[in-house]
Amino acid sequence: MKNTLQSLPKRKQMSIIFVMLMLLLGGCSAAGNFFEATTPEDMNLSIPPQTLAQKGMEEFNRGKYFVALEYFNKILESHRFTPQALLAELKIADCSYYMERYAEAYVYYERFEEMHPTNEAIPYVMYQKAMCHYKRIGTVDRDTSNAQKAIERFQLLLKAYPQSPYSLDAQKKITSSLEFLANHEFNVAKFYIRIKQPEQATVRLQYLLAMYPQTRITTQARELLNDLESSN
């Protein structure tokens, strides 16, 4: 079962885990409530948290994240001290992430990690925090801070949970982020060459080769550096 679960996409893994936990927490009555005609406009204190959670998951799995967010928020508003509240906290972060509100999602993931540091979802939360930065990496002429922060967060995940289902993808994302940073330095060096500042270009190329020696751009960087040094 464990190997089968890890072979599924990450969002599907979290959905399966959620359903399993809900069956344990809510029993058969929760399954019955799932089919009640409930909409966000009809939500009130009389609706049990099991129903709100399952309806929220239904909308989430349909890709209707804004609607799902209303259900999960209602759990925190009306049923803050139920077992479903913990799951609602996580899904609120997920909804924000899939709505591409990455800065907002990061805050929710960080809050979840701070409040539930021993929860079994923490490896996933750490991965998603890194992804919130990774998703905001722009073109090579843009700000590099998100690439740097993504690398830092992925490395924290690998250090804390080296055997997690997210480790392999975290390694790939680190490599991709390093490629971005190396290409950024290479483009800055070429910019300095265009504006007739070869000394500054030399400094950036030397930095690139020292900091990102395993990236694909290093061969071009070394050739360009040799050309600059031979012309002086």
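Analyst: Buried means under 20% relative accessible area, exposed over 50%, and partly exposed in between, with a 1.4 Å probe and protein chains only. This is a predicted model, in which local features need pLDDT of at least 70, side-chain atom pairs count only at pLDDT 80 or more, and totals for chains, interfaces and linings use all residues. Residues are numbered from 1 along each chain as its sequence is written, and side-chain values use heavy atoms, with hydrogens and water left out.

User: Why is E100 called exposed?

Analyst: E100 has a relative accessible area of 59%, and the cut-off is over 50%, so E100 counts as exposed. E100 is in the loop between α5 (83–98) and α6 (102–115); helices here are DSSP runs of H or I with at least four residues, numbered from the N terminus.

User: What is the phi of E100?

Analyst: The phi of E100 is near 65 degrees, a positive value in a residue that is not glycine. Most residues other than glycine have a negative phi.

User: Why are α5 and α7 called roughly parallel?

Analyst: α5 and α7 (residues 122–134) pack at an angle of about 25 degrees, with their axes 12 Å apart. Axes are lines fitted to C-alpha atoms, for helices over the stretch in contact, and angles run from 0 to 180 degrees between N-to-C directions. Angles under 35 degrees count as roughly parallel, over 145 as roughly antiparallel, 65 to 115 as roughly perpendicular and the rest as oblique. α5 and α7 are therefore roughly parallel.

Definitions and conventions:
Helices (H or I, at least four residues) and strands (E, at least two) are DSSP runs, numbered from the N terminus.
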